[in-house]
Amino acid sequence: MRRIVLILLVLLVGVTGYRAWKARQKPIGEGFVTVRALTVWSRVAQVKEPVTKLRNGARVWIFEQREEWSRVRTEDGKEGWVQNEYLASRHIYEKFVQLGEKHAADPPQAQGHVRALSNLRTHPGRDSDRLFQVDVNEKVEILGRALAPAPYHVGPGPGQPLEGAVGGE
């Protein structure tokens, strides 16, 4: 009986100590969710459980980073793993805050709705930083328009036969 009590006491002290150590851990950074909904997973493995879901723009604190995953803590204290590609840095977040402040008083040039899931980026172009995704049919106000260079295109232009193809030259 004494042995069982001693084992339980050691386990209790160990669990309490681990939780206290984990609570004192300092984050190595922070990130902001860049997709409509992001699942925080219990572990990085084939078999994992969802811990919670985060919405677009939610802030998390990063405690560990691996190649494709980060261990994070949410604002309500839940911990788990998310894929790095769906997090933006504070630097990118601040760019969006600056854009918002810069254009806060600008009158809209047009109003409309989004026909497909769309990314809000810091600059025109698919390679610029992304912070938010706008959902299908969400209403938007257009404050400005800009052109971005077309993506790199390999092959002939429209209506041009491929070189060496049957019927081509």
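I will walk through the side-chain contacts of this predicted model.

Residues are numbered from 1 along each chain as its sequence is written. Because the model is predicted, local features need pLDDT of at least 70 and side-chain atom pairs count only at pLDDT 80 or more, while totals for chains, interfaces and linings use all residues, and side-chain values use heavy atoms, with hydrogens and water left out.

Let me begin with the aromatic rings. The whole structure has 1 aromatic pair, where rings of Phe, Tyr and Trp (its six-membered ring) pair if their centres lie within 6.5 Å, and planes under 30 degrees apart count as stacked, over 60 as edge-to-face and the rest as tilted. Phe-32 and Tyr-93 are stacked, at 4.0 Å centre to centre with 5° between the planes. Phe-32 belongs to strand β1 (residues 29-33) and Tyr-93 to helix α2 (residues 90-102), 61 residues apart; helices (H or I, at least four residues) and strands (E, at least two) are DSSP runs, numbered from the N terminus. Phe-32 is buried at 3% relative accessibility, whereas Tyr-93 is partly exposed at 26%, with buried meaning under 20% relative accessible area, exposed over 50% and partly exposed in between (1.4 Å probe, protein chains only).

Turning to charges, the structure holds 10 salt bridges, each a side-chain nitrogen of Lys or Arg within 4 Å of a carboxyl oxygen of Asp or Glu. One of them joins Arg-36 and Asp-135 (3.2 Å, N to O), which lie 99 residues apart in two loops. Another joins Lys-95 and Asp-129 at 3.1 Å; Lys-95 lies in helix α2 and Asp-129 in the loop between β9 (118-121) and β10, so this pair ties together parts 34 residues apart in sequence.
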